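Biologist: Please take one part of this model and look at it closely. I would like a pair of packed helices, with the chain around them as background.

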Amino acid sequence: MTRVVVAALVALGCAASAVHARPAHKHALAQYFGSFLPKKLNDCRTCHLPDPPGKTNEDEDKPHNSFGARLKATRIALRKMARSATIEASLEAILEEDADGDGVANRVEILTGHFPGDKGDRPTAAQIASAKTTLAEFARLKSGYPWRPFDSVQRPPAPRVQNAAWVRNPIDAFLAAEHESLGLKPRPEAAPEVLLRRVYLDLIGLPPTPDEIEAFRRDCASAKPQANGGVPDAAWQRVVDRLLNDPRHGERWGRHWMDVWRYSDWAGYGAQVRDSQPHIWRWRDWIIEALNTDKGYDRMVLEMLAGDEMAPEDPKALTGTGYLVRNWKLLSREKWLQDTVEHTAQAFLGVTLQCAKCHDHMYDPILQKDYYQFRAIFEPHNVRTDRVPGQPDIKIDGLPRVYDKDLTAKTLFFIRGDDRTPDKNQTIVPDVPDALGGRFPKVEPVTLPRPAVEPEKRDFVVRESLERSAAAVANAKSELAKWEKDGQAAKAKAAALALTAKESSHDALLKVLAAETLEDAGKINSETWKQAATAALVAQRKAAVANARYNLHVTEEKSAAQKPGTPQSKAASKALEAAKTALAKAAKDAQQPATTAYQKRSSATYPPQSTGRRLALAKWIASKDNPLTARVAVNHIWLRHFGQAIVPTVFDFGKNGRPPSHPALLDWLAAEFMNPTPPHPPLRKGGQGGVAWSMKHIHRLIVTSSAYRMASTPDAANTTLDRDNKYLWRFAPRRLEAEAVRDCIFYVAGKLDPAMGGPDIDYPLGLTAPRRSLYFRHAAEKEMEFLSIFDAASVTECYERKHSIIPQQALALVNSELTLKHARILARSIAGKTNGDATAFAKSAFQYVLSRQPTAAESAECITFLAEQTQRLREAKLPGGAGLTPDGALPAPDPALRARENLVHVLLNHHEFVTIR
Amino acid sequence: MTDSSRITPALSRRTFLADTGMGFTGLALSALLWQDGVGRAQEHTLPDGRPHFTPKAKSVIWLFMCGGVSHVESFDVKPELNRYAGRTIQDTPYRDVLRAEGRDVIAGNPVHGNRHTLMGLNTGYRRYGQSGLMVGDWWRHVGECADDIAVVRSLWTNHNDHGAQLTWHTGRHPREGAFPTIGSWINYGLGTLNQNLPQYVVLGTPTGDCCGGSWTHGAAYLGAEHAGVRLNVGAANPLPFVRPAAGLQPEEQAAELGLLGRLNRLSGIDYPDDPQLRARIRAYELAAGMQAAVPETLQLERETEATRRLYGINNGTTQNFGQLCLTARRLVERGVRFVQVFHGGGGGGAWDAHSGIRTNHGQLSAQVDLPIAGLLKDLKQRGLLDETLVVWGTEFGRTPGAQGDGRDHHPQGFCAWLAGGGIKRGVVHGATDELGFQALEPRHYITDIHATVLCQLGLDARRLEIPGRRRLDIDYGRPIREIMA
């Protein structure tokens, strides 16, 4: 409908009186009436008086006619009653009135193409009579389920349907109601092996193994048979629960949410980081773990937006803030914040807030000021990398996270969105757009605990410093013992000096820590502290002397080893002089009277408070009162199960988005997501509380529905009625995502490394390293080509994958070493079990690669091929490898085996291998 | 992507097998039988690879300059700008042009403010050829071809930012999403002229993700098999994986692909309307041919020195775009229907001269002017210009008013030109006002260019329908009869 509106405006556009119309008003009108709005009525004159002849009214507020005046009064009244005061709501309220008093209701005048505010313009009785059908159709349109994405979610009752036997859960009821009203017949249940492959690929991104297929077959045979002859529910539920609890589920769906949340490894030129941050993979692992433990979606939102404010000492919550870290940009703080605002609004709320950066939103009730208030929430935040246990160097490893750096950072309102023209008169306070509902909590500053403010004072940092220092002492001791045992006096002397140095350093560290502990306990200037601090200084001086002495000794030895007169010798004597001076200085310092001015450990210090702005935002988003959060999330989940979303514009639930195919179903799912209906046994492992916001609950509802279990085969009658399968009369087949295609190639050959998590792997290794695809570096200009060819996520934004089918994909599967090698490995393994039996080989190969048995015709094709190809290869006398390499780098020397390798290679290129049917 | 294809709903399992070249049991039939028009089942009434009426052109080379080329300094030169430079539009005799500002919904970008203080021309200009076409000096080589081209000077578009790059190709505003591009309509509407190259090829760096990205050469609901295929001219690997990994012999691979075709068709027995399976079968057939044809097509060293010089391949400035233009000619020679050549792609586009337009347009035109002229001359001398339609365009013009020392986006009026393929030679159609501000009647929305191109190829946009896909009047456009020979 939106498309029609925009184009209609473009096409229309020229009437002089329309020049100053606020497009938003006309859009609201068009939106409400849809295609029922006559062209003539999409005009300012519907609500405003015409301009006097020869003069165009330059004012924003053109005088209203009687209809416009009534509309405005209604809006004001609605607002006073704290009700939704959109133009649509007001329109609805006055449709049956007669604004211009010409005896015809506003609704009838508008639908018949007459101005409701112009007494002289009214339809004749004949016109009204002939518009009967139109009026009835419009009434039907308006009596349908209302789509009000900005109103809080109310659970609609599941409709009663005739096809009750088909209804396994309310999802089916909503779909069946549409089927019945449109005359669509749902496709029967898909064959068991098709279903099994579908749910495996969908939930874990990998196909079932032949053993798993066999186990499922047995389980189905032993379970209570289903009335429709399909897969028994009990067996199906066992598979679904097992897959939902499989850690590979988190990897599969983790990649989906990485699309929505814009995961990107760091990008830049050379070693310079320009986008995102090193070690951001920790956030990727956080996503996988959150899904596997079924962490509530509300909690995920809280941790991603405000983990540092909500749980400042919990490394897991801090890791969640990787969501924000990812937006980091070296070159532009403006773009950084812009991306943060734009994508937070789109990913969690399905709102195109970015449209309001330069002007009030053209479609949705969002003001330009709202944009900057939303931005103010993020204004103070910045990015840092904290030390992680086991690695003192944050260049090698660390935890990238956000924190509020500038607590008083001001947000400016930019006139027309231009950062060169801030409006000094506007004060911007952190807030969210009123129109989006819910209650924005009071922003309250968060006082941060010491470990968050001074991360070097965390226990593990102290412990590791002590351990390293103690280890150095132990090392020095064994060194000394060794040289003494060997009777090497000179080396023993050096080792003894080293030991003294290490011991005294260790002693100093202990004393420094003791003094610091007292300070942190607030006992600075106490007698105890004075003693401790003095002791620390004395120990530090002593350590300085010991270290200088050791250093001098080493320097002396080096100097003695040089040939006199050489440049090296000159440098050595210089170093020797410096070492002597250093020792003299240390010795002199040690003579000074002792004070409390010991040298503290170096430690970065961050603000002791956080503004609490992001926490307020996160609470507002993760609230059951928020009308959009749950709707948007379940819509994303639905999209990835069925290949088509309920609201097709998954990032835009506003008026410029496309309307939902099943608004009532979406509302029901959203309600069920937030307040699940018992009884549903919790799927969350180790989780706390109920199962509200459980993604696994929604997954299970969807994949156990009859809708999900339909065959994907076509049907001519249904196609005539609903060509695009908008009303889901069948399961729509679709191509696998890039990562799954690649993973499956390794997996069917038994070569996929099941290791989870860890640092991003260099992307050029993608064709050889057998890890799952989501663990490879994915960032601007650092993308695996193989994945890009299969429409991998754009790192800047990917709310929905594309599923293209192009010759480049064929080339990648036919010509890459990836498929060739794995075809060889799998073929040799199957050949080893089938002893030259071509029929058995073909059957097994189909099971491994396509998760099903070949039909008789397919089997015959394969057997003929094996015979002919063997013959062809034998005659061609192709140079084969000397033997079989385990990595499949070369073809088998034996023509019969090589033909089998070819067959498996063909199956890896088969349509079904890359398709969920 | 369950998008519709050419298949009618009533298509039966039997029809499918016939249509994919197998016959009901004819597993041995050659895959090539699926070629358009051959072996197609009787009840098929949608595009059958034949034009609707006698075509004037066979192929299209579609040159697109990303970022917005100044119309007033290229093919719609406005000397009045020199006269009134530094004055506001209000302050000239042409102040009336502002009265109609915004009448097409889209005015200048509100972010950028209005640019009403006029800027003089940043390049010289003169008249060329017998037609006396006035062309800015930045385009003097194309100017030499003035008597072969038809300039359309009254274009307008509906978007004032670089998303208009998408609009130029689909006719739709970017917020509306992906729609079939002109190249994909042609790919969809016409049968192929070759067996081993895509029908629709994309050269150069396309539009950035901000502004349409791959949608500018996509096919949307027509299906990805009708989308453009990018070739990397000059790269060691023009197309990833175009060469087999070590160890796979050609005859071995050929036998594999034969089996694959048969198995895929068997897999489609229960899925007679599956556009994805169809697309995949086609993709494999095409891929097999491309393995040899793509590297051969890109062997520009096979051209004579004189030809290479004509395209500026010997010169560092013109080399890159010259290679693209020469490749475009080689592609249409080999039967590619639509070659879309991007210049200055990525981000908003290189031609986006908000500042320093003199340097920006000076340098960029130096890269493309000579190669484009070379392409026109080469096509002409080979007799290919009659059957090859060349289109030069950009997403919008640039403001007559100054933005510092640059010019802003200008969707209200701008120009493009067409040559060859049955287009009149040496004509100008339409005009903007004396300042180059508003397109004057007869104005042309950009889909009029699409309609003109389709018409020259013998296609009627209105007959390229997909059941269940509503198109809008403005999508079809109107052929610009005035420039058709």
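**A helix pair in its setting**

Modeller: Start with the setting. Buried residues account for 48% of the 917 residues in chain A. This is a predicted model, and the mean pLDDT of chain A is 90, with 95% of the residues at 70 or above. Two stretches need caution. Residues 1-21 of chain A have a pLDDT below 50, yet this stretch has 43 contacts in the model beyond near neighbours in sequence. Residues 682-690 of chain A also stay under 50, and there the model has 20 contacts beyond four places in sequence.

Chain A has 35 helices and ten strands. Take the contacts between residues at least 6 apart in sequence: 64% of them join residues at least 24 apart.

Now the pair. Helix H14 of chain A covers residues 297-310, and helix H24 of chain A covers residues 613-621. Their axes come within 8 Å and cross at roughly 150°. The crossing of H14(A) and H24(A) is left-handed.

Which residues of H14(A) and H24(A) make the contact? From H14(A) come Val301(A), Leu302(A), Leu305(A), Ala306(A), Glu309(A) and Met310(A). H24(A) supplies Arg614(A), Leu615(A), Leu617(A), Ala618(A) and Ile621(A). Sorted by class, the contact between H14(A) and H24(A) has nine nonpolar residues, two charged ones and no polar ones. Glu309(A) is on the H14(A) side of the contact, and Arg614(A) is on the H24(A) side.

Technical notes: Residues numbered from 1 in each chain as written. Chains lettered and ligands numbered in written order. Predicted model: local features only at pLDDT ≥ 70, side-chain atom pairs only at ≥ 80, totals over all residues. Helix = DSSP H or I, 4+ residues; strand = E, 2+ residues; numbered from the N terminus. Buried ≥ 20, exposed ≤ 12 C-beta atoms within 10 Å, placed from the backbone. Contact = placed C-beta atoms within 7 Å. pLDDT = per-residue confidence, 0-100. Axes fitted to C-alpha atoms, helices over the stretch in contact; angles between N-to-C directions. Left-handed = near helix turned anticlockwise from the far one by under 90°. Nonpolar A, V, L, I, M, F, W, Y, C, P; charged D, E, K, R; others polar.
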